Each structure stands twice: as C-alpha cells, then as structure tokens.
Amino acid sequence: MQGDRRLGSPKKGLTNAHHAGGLGYLFGMAFATLVLFGGLPVAHTAEPAPDVPVLVPITGFLAAEGSSQRNGALLALQNPPAGVHPRFAVTDTGTSPEGAVNALERALSDGEVTVVVASMLGTQMLAMLPIAQAQKVPLITMSGTADITRKGNPYIFRFFPADSVVKGAQVKYAIEAHHIQKPAVIYQTTAYGQSGHAEILTALAAAGIKPVYEDALDVGVKDMRPVIAKAVASGADSLLLQLHGGPTALFLKAVAAMDVHLPIVAGSGLSQPATVALLEPAELKGVCGETGSSPISGETPAARDFLARYRDAFHTDPDGFALGQYDATMMALEAVAKGATSAEAVTKALATGSYQGVAMTYKSNGHGDMAHSAVIVCFDGTSRVPAVVRHYDFPISP
Amino acid sequence: MRRWVAHGGVALPLAVAACAYGVFVLPHASDYALRVLTVAGVYALLALGYGFIFGQAGALSLAQGTFMGVGAYVSGILAVRYGVAFDAALPVSVGLPVLLALLVAIPVLRLQTHYFALATLLIGQVVLLVATQWESVTGGANGIGGVPPLSLLGHPIEGRLPQLLLVWALVAAGAVLAWRIVSGRLGDAFALTRLHPVAARAIGIDTGSLRLAAFLLSAGFAGLAGSLYVHAIGVLSPDVLGFPVMITCLTIAVVGSRLRVAGAIAGAVVIIELPEWARFLRDDYLLAFGCILLLVVVALPGGLVETAERLLGWVGSRAVPSVMAGRVPAIFAPADEARMAGTRPAMTEGVGPFIAARAGDADLLTLVGVSRRFGGVLALDDVALTVRSGAVLGLIGPNGSGKTTLLNVVTGIFPADAGRVRLGGRDIAGRAPHAIARLGVARTFQTAALAAELSALDNVAVARGAARLGVGSALRAGRRDRAVVRGEAMALLERMGAGAYAAEAAGTLPPGIARLVEIARALATEPRLLLLDEPAAGLNETEQADLGRRLRGIAEDGVGLLVIEHNMPFLVPLADRMVCLDQGRVIAEGTPAAVQSDPRVIEAYLGTPPP
C-alpha cells in the first residue's frame with residue numbers, strides 16, 4: 001500500500017501519521033479502502049530499489065522476539081550497502097497463520113517484492129511457504145522450526161540455527177561441562193517448545209542419555225515451583241530448558257528462591273535482554289544457555305559496532321534474533337548491490353552464495369538452512385551481560 | 001422499496017451491494033483483497049451458525065471457535081495424512097463437531113447463563129490441550145503444513161477468485177438455510193424461549209430440544225467454516241482452536257446484530273476487513289480497531305444491521321403511515337393475512353373454534369394431598385381440590401398463601417414433594433412443563449410473559465401447534481408456516497377483544513391488553529384446562545366485565561378454568577366455586593358466597609379480631 005511505502009526510517013512515517021490527526025486517519029482509511037477494494041495500481045519510485053516488506057509478529061505472545069527481528073531488519077534496511085535504496089514497510093502478522101498470509105498477500109499485491117523478511121513463528125512460516133513458492137519470492141526468517149526447511153521449498157532461507165543445531169549445542173555443552181547423565185527436560189507447549197524438545201531428546205539419545213523427568217508447561221503457567229520440585233524429586237542431575245523468555249525468567253527466579261543448585265542449560269529465551277532484565281544478576285549465577293549469537297557480549301569489533309548502532313537506533317539491547325535478522329537482511333541487500341535486483345536473482349544468490357555476517361558465516365545447506373553455528377553463554381552472577389563460553393560449528397550438511 | 005422498508009430488512013440492499021461489488025470490483029481486486037474477503041466469508045459462516053445458539057437461543061456459548069477448530073483439524077488431517085479432498089471430507093468435518101456438540105450438550109446444555117458460558121469455555125480448553133499434546137496426530141503446537149487448496153468433485157480450485165466464489169456460495173446457501181429456519185414460527189418460538197423460557201414451556205415448546213437444535217446447528221456451521229478455513233489458509237495449527245477465534249466470532253455477532261442473518265455477514269466483513277483497512281496506521285492499527293469496535297458497541301447496541309433497519313424503518317415510516325414494531329410487516333393487514341392463509345374462522349363469541357370438545361362436568365384436574373416445600377417454608381401443605389370441565393374454580397388467598405406455587409406445581413414447573421396431580425384421570429406429576437401443556441393444560445402468568453419483540457399476533461400464533469415446531473418443519477414450511485396460523489391467531493385475539501392490537505409489538509402493549517393477548521395465546525394451545533393468574537389486573541371495570549363474559553364463554557365451551565384473583569367483584573360472579581388458601585393449606589371451599597363469608601377466610605385476610 002502506498003501509504004506504507006517510505007525510504008529511510010519508519011519512525012518518520014509513524015510520526016507523520018500521528019501528526020496527521022483524526023482527519024488524516026480518515027483520509028488514510030478511505031484511501032486504504034479504495035486500494036483494498038479497487039486494487040488501484042501502486043506508484044513506484046523511478047529509482048531502482050529492492051522492495052523488502054518486513055512481516056513479523058509485533059503483537060501477541062511473540063511480540064518481544066518479533067520486535068527484535070523487526071529491529072534487526074530495520075537496522076540493515078536503514079543502513080544498506082552503498083548504491084542500494086531499499087523500500088520497506090513493517091506489517092504486524094500477529095501470531096496466527098491467517099495474519100501472516102494476509103500480510104504476505106498484501107505485500108505481494110503492492111508491487112514486485114524482492115525479498116521478504118518473514119515471521120519467526122513456525123506455523124506462520126508454514127502458511128507463507130506455498131504462497132512464496134507460487135510467487136517465486138524468497139523469505140528470510142529467524143524461525144527455528146525444523147519443518148520449514150524440510151518441505152523442499154527453494155524460497156525459504158533460515159538465518160537462525162535450526163533447532164537441531166542449537167539443541168545439539170545445548171546438550172553437547174551440558175554433557176561436556178556438567179557431565180550430565182540424568183537430565184530433567186522442561187519445555188513449553190508451543191511450537192517452539194515442542195520442536196526444541198524433540199531435538200533435545202534426539203541429541204540426548206545420540207549420547208545414550210535418557211531424561212529422568214520431562215514436563216510441558218503452558219505459557220500461562222506462572223508458578224514454577226511445583227515443576228521444579230518434581231524435577232528435583234525425580235533425581236535429576238541437571239535442568240535442560242526449552243522455555244520462552246518470560247517463563248525462563250520465572251523458572252530461574254523460582255530456582256533461586258528454592259535454593260536449587262542443579263546445573264541449568266537453557267534455551268535461547270535466556271539470551272534475550274528482556275528476559276535477563278527480569279532477573280537479578282545473582283539469580284543468574286551459573287546459568288548457561290544456547291543461542292545463535294550473543295551480540296550484547298561484544299565478542300568482536302563487528303559485534304561491538306552492531307551493538308552500538310543498535311542501541312543508538314532503538315535504545316535497547318539486541319539479542320540473537322536481532323543480529324541474525326540483521327545479517328540475513330544485509331546478505332540479501334549485498335546480493336542486490338551485486339546486481340541481483342529481482343526476487344529470482346536474490347533467491348539464487350542466497351541459495352548459492354556465502355556471506356560473512358557479524359555473528360557467523362552463512363551458507364545454505366541446500367535446503368535453506370543458512371546458520372550452522374551456535375554459542376553457549378553463561379552468567380557469572382555479577383552482571384546481566386553473559387560471556388560466550390563455547391562456540392559450536394556444525395558441518396553444513398543437507 | 002415500500003415492501004422491504006416495511007419488512008425492516010436490509011437483505012435486499014446488501015444483496016444489491018454484494019452483486020455490484022462482485023460484478024464491478026472483484027474481477028480487478030488483488031489476490032490480497034480476495035484472500036481477506038475469503039476469510040471474511042469463512043467467518044460469516046461461523047457467525048451464521050453462532051446466530052442459532054447465541055442469537056436465537058440466547059445462550060452465550062464459548063465453544064463456537066472450538067467447533068470450528070475441530071472441523072479444521074478433521075479436514076486438515078484427512079487431507080494431509082490420507083489424501084481426502086475437502087468435499088469428500090465434509091460429512092466428517094461437519095459431522096464430528098456436531099457429534100461433539102451432542103456429547104457436550106448432555107451435561108452442559110442444562111446450565112444457564114454464565115455457568116453455560118464457563119462450561120463451553122472449558123470444553124474449548126480441553127480440545128486445545130488435546131490438539132497441542134497429541135503431536136503424533138495433530139502435529140502438536142507446530143501444526144501441519146501443506147494442506148491442499150479447496151476442491152470440488154475431485155477438481156482442485158486453484159486461484160483466489162474461484163476459492164472466494166466457492167466460499168461465498170456456501171455463505172449464501174448457509175444464509176438462506178438460516179433465514180428459512182428462523183424467519184418462520186420457529187424463530188418466534190426461539191424469541192419466546194430466549195425471553196420467557198417458562199412461558200415457552202407452558203405453551204408446549206420443548207425449550208431443551210430447541211436449545212439442543214440451536215447448539216447442533218451452530219456446531220455444524222462451525223465445522224464447515226473450519227474445513228473451509230484450513231484449506232484456504234493451507235496450514236493447520238492450534239491457533240484455529242484459540243480463544244481469539246471465539247472472540248472474533250462473538251464480536252462479529254454483536255457488531256453485526258446477533259438476531260439477524262444479515263448481521264452475521266455484515267459483521268464478518270466489517271470485523272475481518274477493518275484491521276486490514278487500518279493497517280496504514282502501523283503500530284496503532286489495533287488501537288484504532290479497538291476504538292472503532294467500542295464505538296459501534298456503545299453507540300449501536302443493536303448492531304449494524306438492526307441500526308440500519310431502524311434507519312430504513314424511519315425512512316419507510318414517512319411513506320408508510322402504519323406504525324408497526326416487532327416482526328410483523330408494517331403493511332400487514334389482518335384481513336389480507338387471513339385471506340392469504342385462507343383459514344380464517346368465523347369469529348363468533350362464545351364459540352371456541354380451537355378449544356377442545358366439551359367434556360361435561362367430569363373432574364378434570366384433581367389434586368390430592370399435594371405438598372411443596374422450599375427449604376424451611378412449606379408453600380403447599382396437603383392441598384386437595386378439583387377443577388371440573390366447563391366450570392370456573394376461583395382460587396383466593398392472601399399474598400404468599402401458595403396460589404402461584406400451586407399453578408407452578410400443576411404445570412410442572414415445580415414438582416410436588418408429595419401428593420398426586422391428576423388430569424382427566426392421568427397422573428401428570430413429574431412430567432415436564434411442555435409435556436403437561438401438550439396434554440391440554442395452559443396458563444397465564446402474574447406478569448404477562450410475552451416476547452416483547454414479537455407482535456401480539458405472533459405471540460399468539462407461536463402457540464398454535466407448538467409441539468410440532470422444529471428445524472425440519474421450519475425448513476419445510478418457512479414463512480408459510482407463520483402465515484397459515486396467523487389467521488387462527490387473529491380469531492383468538494378478536495375473541496379476547498384484543499384484535500385491534502394484533503400488529504403492535506408486545507413490548508408496547510398496555511398491561512391489561514397484554515394479559516388478554518396472553519390468554520389468547522393460552523387458548524391457541526387448545527387447552528382442556530386453563531390456569532389464569534390474576535387476569536383482571538390492570539383492567540378497568542368495564543374491561544373486567546367484558547373479560548368475565550369472555551372467560552365464561554370459554555368455560556361454556558367445556559374448558560375448565562382455575563382463576564387466581566384478588567379482585568372479588570370480578571371473581572365472584574365468574575366462579576362456580578372458590579377455594580381459599582392460607583399458608584399453603586386449603587382453609588375454605590364452596591360457593592363464592594360461602595367462601596367469602598367464611599370466618600377463616602376473613603381472618604386470613606384481615607387477621608384475628610381483637611378480643
């Protein structure tokens with residue numbers, strides 16, 4: 001929709017919309033109605049520029065993660081490679097498949113889309129995949145759901161390590177660092193939780209380990225003490241978590257309050273600054289977690305530069321999703337800078353090329369899995385900034 | 001224009017707008033616009049079904065989204081795992097939600113108000129848990145991708161426009177079906193059941209069956225909507241079972257107008273399209289959406305369609321001087337309607353064309369040793385009395401003496417704790433109110449229990465053959481059903497002297513007239529026994545005398561009358577015998593003169609005289 005199109009910062013457009021006031025809203029709505037029902041042609045700028053709609057969940061239970069994803073994409077789109085002038089609009093997909101396909105169809109109906117920054121929610125990706133394939137438009141996403149790159153769809157590119165990678169790293173670290181033999185696995189009843197749980201079990205089985213306790217928690221569960229008590233009572237020697245950010249914080253608070261001292265290796269929910277902000281440093285002492293990258297740890301000059309620019313732009317700390325989406329978007333824009341101006345050309349570049357991003361080197365395994373590294377971060381109990389304690393690079397294999 | 005304005009309907013303008021949109025806009029619309037409109041069609045079907053249970057039956061079910069989800073899961077799983085096409089799977093994807101509704105209805109449908117809402121909500125949570133935990137079948141929280149597009153007779157329906165046309169063709173079919181079910185007397189029966197369930201049972205309507213039918217219909221529509229949804233979206237996920245779907249459905253019903261078929265469609269289009277229209281507001285679009293909804297709910301409490309009808313009615317009233325609220329057409333004229341029905345009987349006073357044959361002076365109603373207790377209060381204590389065919393028994397007593405309780409026991413609203421209640425030699429104690437009504441027992445209430453939104457005429461008409469009212473008969477008869485009985489109802493209204501008010505909405509009737517309409521409704525059930533609870537209240541002396549003559553005429557046709565009344569000047573000339581109750585016990589029985597002069601009766605009313 002033309003009303004959403006802009007070059008540069010989305011904040012500019014947002015401010016203008018606010019200043020327009022109620023009458024502006026009415027005119028805007030009337031125009032939007034005309035476009036929706038009439039299918040009016042959308043005016044394009046004369047300057048060659050990739051069209052990169054950002055379709056992410058910024059409301060609902062994945063709002064925090066989706067906002068990180070959006071911010072990472074925006075940072076790249078606002079600071080593109082020289083000579084590239086991306087046009088972009090952010091659309092909230094909510095958390096339903098319906099919201100995602102509506103957003104994608106809407107973006108596609110607006111003009112010739114070059115590449116889509118697509119939702120990190122697995123069920124939304126599953127719904128968008130057929131449309132992307134039919135329209136031959138590449139999707140770059142941070143979704144960890146295993147299935148999305150197992151559908152034989154050549155237009156999906158995942159820049160966050162797949163669950164098989166990060167869960168493999170999580171289990172491997174727990175074994176190497178804590179010599180676990182009787183883990184308790186606590187996971188969420190969401191797609192994120194169930195997908196990760198399956199991969200944790202696979203990785204444990206590969207090491208000949210069987211969990212002594214497993215429990216699935218609804219995201220609405222606030223009191224974690226019963227499940228912790230049951231895990232301890234089961235004789236577990238460690239806790240492997242696959243929980244979203246908020247529940248991870250609640251879990252760790254309860255562990256600290258119950259004075260439980262089992263080794264904890266958490267999922268990527270732990271590495272989000274919003275999660276850590278809910279905890280006192282002491283409550284984090286000794287806790288580790290997996291993630292694709294930890295930009296807040298500032299391991300390299302490139303990561304420190306990203307961290308500074310991100311903080312400057314969004315006044316908050318980035319997480320692995322933000323950095324991953326930044327790298328993904330930059331890889332697509334670099335491809336455009338090198339002449340891949342069509343969706344088909346960008347697809348080919350993503351499928352065959354290699355890109356050295358801030359977090360890692362990205363290269364497709366032939367199915368669209370671009371990220372093959374994971375890190376383990378741990379907290380020392382004195383700070384909310386974790387240290388990267390282990391890197392795991394997995395072979396690029398189909 | 002005059003006719004549709006008079007009907008107060010917006011169906012025609014909506015249909016014209018839809019046709020114009022289809023011809024001029026759809027061929028040029030983007031895939032995005034077509035998809036959103038397709039989803040709106042799915043929700044329209046969902047809301048059409050919800051109109052039965054939430055609108056017509058007036059029960060706040062929170063399981064409609066669950067039924068949609070079940071339909072989606074059945075169709076999606078059959079398609080992905082077993083290759084069953086959309087249309088081939090329909091019997092199961094629609095049938096399973098209906099079966100689930102049937103199972104759920106057994107324990108849940110008896111519940112009222114918020115208990116019913118809570119129970120249906122919990123059912124949704126159970127189904128959601130099954131869907132997320134039974135990973136091997138449902139795909140768990142990840143769901144199942146790759147659901148094929150809609151298909152018909154083995155041919156996949158590719159492309160947005162054909163899919164949209166299929167969905168909206170089903171919406172049109174569903175709307176016609178829903179309209180046919182609720183536009184006739186079954187709709188009137190739903191209205192009475194919704195507003196006065198006790199009164200509905202008292203004229204022989206099996207309100208439990210009606211609620212069950214509404215619940216099953218709603219589940220069937222939801223199953224179809226779910227099946228369409230999963231094939232249109234292409235992915236199966238627990239989101240379809242989530243509470244937001246139910247909230248959307250409820251919002252559509254409220255915003256559109258829950259009692260109107262057109263309301264479900266208009267509401268779905270507005271609610272599904274509105275957030276998309278507001279997308280240009282970026283981060284504020286949900287806030288704007290919420291504000292608009294709040295504005296609609298507060299400013300237009302009847303919903304969009306009812307508001308539009310009122311506006312059209314206001315415009316129409318300038319052209320059509322007749323004032324007509326409720327559901328009777330403004331252009332309705334009793335004579336025309338009767339001619340249309342061709343069944344209008346002669347309206348001679350004293351002749352009861354719909355009243356059971358005379359049965360002589362036989363004992364019609366016999367109560368022996370009837371007792372009823374409410375906690376520590378003995379409301380009826382060993383009551384014995386007899387009502388004879390063709391005779392009027394007056395029942396008097398101070399307030400709280402148990403008179404209305406006795407009527408409630410006879411009509412089955414309260415079971416007797418002890419004693420026997422016999423009608424024409426048959427024991428009726430313990431039977432359901434509608435079953436007792438079907439045996440020939442009719443009643444009125446202390447406060448007239450009429451469906452305010454129906455006309456006086458339709459309040460009477462609904463009682464004609466109420467036992468035969470059902471979805472099947474409604475589908476066969478449609479609005480013809482109502483037309484046929486209106487002539488008969490008109491005769492009964494005129495017999496009670498309320499014919500002039502036939503076209504008035506019952507909610508606007510003066511109290512005295514409302515009582516006459518209620519008696520006419522009771523007569524419409526062809527009763528053998530008529531129980532009247534203070535029928536003269538609200539009437540002036542002339543009207544009381546007139547009512548007395550009419551009641552006497554009814555008795556002369558062989559009907560037994562039991563009349564509760566405090567108004568002695570009205571009751572004494574009318575009653576053949578009188579019974580006086582005090583503190584639940586019969587303290588006097590005999591001729592009116594004897595009972596009036598009985599010292600125990602005088603004491604009961606006036607208290608013990610000072611020594």
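A disulfide here is a pair of cysteine sulfur atoms within 2.5 Å. Keep that in mind while I set the ground rules.

This is a predicted model: local features need pLDDT of at least 70, side-chain atom pairs count only at pLDDT 80 or more, and totals for chains, interfaces and linings use all residues. Residues are numbered from 1 along each chain as its sequence is written, chains are lettered from A and ligands numbered from 1 in the order in which they are written, and side-chain values use heavy atoms, with hydrogens and water left out.

Cysteines first. How many disulfides does a search of the whole structure find? One, over all chains. Cys288(A) is joined to Cys378(A), S to S 2.0 Å. The link is right-handed, with 110° about the S-S bond. Cys288(A) sits in strand β12 (288-291) of chain A and Cys378(A) in strand β15 (373-378) of chain A, so the bond ties together parts that are 90 residues apart in sequence. Strands are DSSP runs of E, at least two residues; helices are runs of H or I, at least four; both are numbered from the N terminus.

Buried or exposed? Both Cys288(A) and Cys378(A) are buried. Buried means under 20% relative accessible area, exposed over 50%, partly exposed in between, with a 1.4 Å probe and protein chains only. Now two cysteines of chain B. Cys580(B) is at 0% relative accessibility, so it counts as buried. Cys291(B) is at 47%, so it counts as partly exposed.

Chain A overall. It has 12 helices and 16 strands. Of its 398 residues, 60% are buried. Take its contacts, meaning heavy atoms within 4.5 Å, with a separation of 6 or more: 69% of them come from residues 24 or more positions apart.

One residue to look at is Thr95(A). It lies in the loop between β4 (90-92) and α3 (97-110) of chain A. At 18% relative accessibility, Thr95(A) counts as buried. Leave aside its neighbours within four places in sequence. Thr95(A) then touches Thr59(A), Gly60(A), Phe61(A), Leu62(A), Leu121(A), Gln124(A) and, in chain B, Asp239(B).

Over to chain B, and its sheet. Six strands form an open sheet, in the order β10-β11-β12-β7-β13-β14 (chain B), with mixed pairing. Two strands pair if DSSP finds at least two bridges between them. Which strands stand at the edges? β10 (441-443) and β14 (585-590) of chain B; each has a single partner strand, so one side of each is left without a neighbour in the sheet. From one strand to the next, the twist averages 20°.

Look inside that sheet. β7 (392-396) and β12 (560-564) of chain B run parallel, joined by four bridges. Gly394(B) has Val563(B) as its bridge partner in β12(B).

Helix α26 (599-606) of chain B lies across β7, β13 (577-582) and β14 of chain B, at about 130° to β14(B). Axes are lines fitted to C-alpha atoms, for helices over the stretch in contact, and angles run from 0 to 180 degrees between N-to-C directions.

Last, a helix pair. α4 (64-82) and α5 (86-108) of chain B pack at about 145°, axes 9 Å apart. In α4(B), the contact residues include Phe67(B), Val70(B) and Leu78(B); in α5(B), they include Val92(B), Leu96(B) and Leu100(B). The contact divides into 10 nonpolar, three polar and no charged residues. Nonpolar covers Ala, Val, Leu, Ile, Met, Phe, Trp, Tyr, Cys and Pro; charged covers Asp, Glu, Lys and Arg; the others, Gly among them, are polar.
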